[in-house]
Amino acid sequence: MLLKSMLETTTLNPSLSQLTTNLNPSFFHQVVQILRDNFSRKASKSALHLLANVCQRGRNRIKAAEAGAATVLIDLLLHTNEKRYCEWSLSVLEQLCRCAEGRAELLKHAAGLAVVSRKILRVSQVANERGLRILYSIAKFSATPSVVQEMLQLGVGAKLCLVIQVDCGVGKNKERAAEILKLHAKEWKKNIFMLVKNYSVFSFSAMLSNNDNFMQHLQCMHSMNPVVGG
């Protein structure tokens, strides 16, 4: 397959890999169309691998986003629970969200934030990491008041709390989730009942305070619904 050959060539030969630093926009439209058609799982995976490789370069990320890559990746994530497929899709989407164009495409999709949040804690640690990086990019660089409100309504804040509390929310994933919550702590507090639902209001309020023991307060949360936020 042509896509597979391109991937192997650019991966194994560093000098040829440099030729992919500024690919023609038509290339991305063709790869995105392969993902959109989804005529075979093998072809789609090869396309995902290729995008993951070439989107390590900033200019390529922008071109991929402008070709609609973020939109088609979200659509793919909506219709699959396969571990490796989800991991690769989230990995490419995370790269795209490093540029403003990619973040804008994700937010423009009605299911963008929802599907990323849903995959966290449902697929694998790799998917958790990629999903949290995506949410962090959105929260730090593209979080308008309406975006923060959408995150609240979708249960993204509650999912972040769940990442921090459950056993698999360890190391950098815990830290990343806490960082996202801190970025918009005032908004979370304003809408605490929407965010907490069945949580302890007192312990959650303490968590959002300017207390140095932020992480300790998070451990005090209890009565949490097992599938909050997705």
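A helix here is a DSSP run (H or I) of at least four residues, and helices are numbered from the N terminus. The model shown in these views is predicted.

Figure 1. The protein has 230 residues, and 51% of them count as buried. Look next at contacts between residues with a separation of 6 or more. Of these contacts, 71% join residues 24 or more positions apart.

**Figure 2. Helix 5 packs its buried residues against several other helices.** Helix 5 covers residues 58-66. Its buried residues are N60, R61, K63, A64 and A65. The list includes the residues R61 and K63 as well as the alanines A64 and A65. What do these buried residues pack against? Their partners are helix 3 (25-37), helix 4 (41-54), helix 6, helix 7 and helix 8. Just after helix 5 comes G68, with a positive phi of about 95°.

**Figure 3. Helix 7 and helix 10 cross at roughly 25°.** Two packed helices are described by the angle between their axes and the distance between the axes. Helix 7 spans residues 83-96, and helix 10 spans residues 125-141. Their axes come within 9 Å. Angles under 35 degrees count as roughly parallel, so helix 7 and helix 10 are roughly parallel to each other. The crossing of this pair is left-handed. Which residues meet here? Helix 7 brings E87, L90, S91, L93 and E94. Helix 10 brings V126, A127, R130, R133 and I134. By class, this contact has five nonpolar, one polar and four charged residues.

**Figure 4. Helix 6 and helix 8 pack at an angle of about 45°.** Helix 6 runs over residues 69-78, and helix 8 over residues 100-108. The axes of the two helices are 8 Å apart. That angle makes helix 6 oblique to helix 8. The crossing is right-handed. From helix 6, the residues in contact are A70, T71 and I74. They meet G102, E105 and L106 of helix 8. Three nonpolar, two polar and one charged residues make up the contact of helix 6 with helix 8.

Figure 5. How many disulfides does a search of the whole structure find? The count is zero. C97 is in no disulfide, and the nearest cysteine sulfur, that of C99, is 7.8 Å away.

**Figure 6. N38 sits in the loop between helix 3 and helix 4.** N38 is not a glycine, yet it has a positive phi of about 50°. How accessible is N38? Its relative accessible area is 33%, so N38 is partly exposed.

**Figure 7. L121 lies in the loop between helix 9 and helix 10.** Helix 9 covers residues 112-119. Phi of L121 is near 70°. This is a positive value in a residue other than glycine. With a relative accessibility of 26%, L121 counts as partly exposed.

Definitions and conventions: Residues numbered from 1 in each chain as written. Predicted model: local features only at pLDDT ≥ 70, side-chain atom pairs only at ≥ 80, totals over all residues. Heavy atoms only, no water. Axes fitted to C-alpha atoms, helices over the stretch in contact; angles between N-to-C directions. Parallel < 35°, antiparallel > 145°, perpendicular 65-115°, else oblique. Left-handed = near helix turned anticlockwise from the far one by under 90°. Contact = heavy atoms within 4.5 Å. Nonpolar A, V, L, I, M, F, W, Y, C, P; charged D, E, K, R; others polar. Disulfide = S-S within 2.5 Å. Buried < 20%, exposed > 50% of the residue type's maximum accessible area, 1.4 Å probe, protein only.
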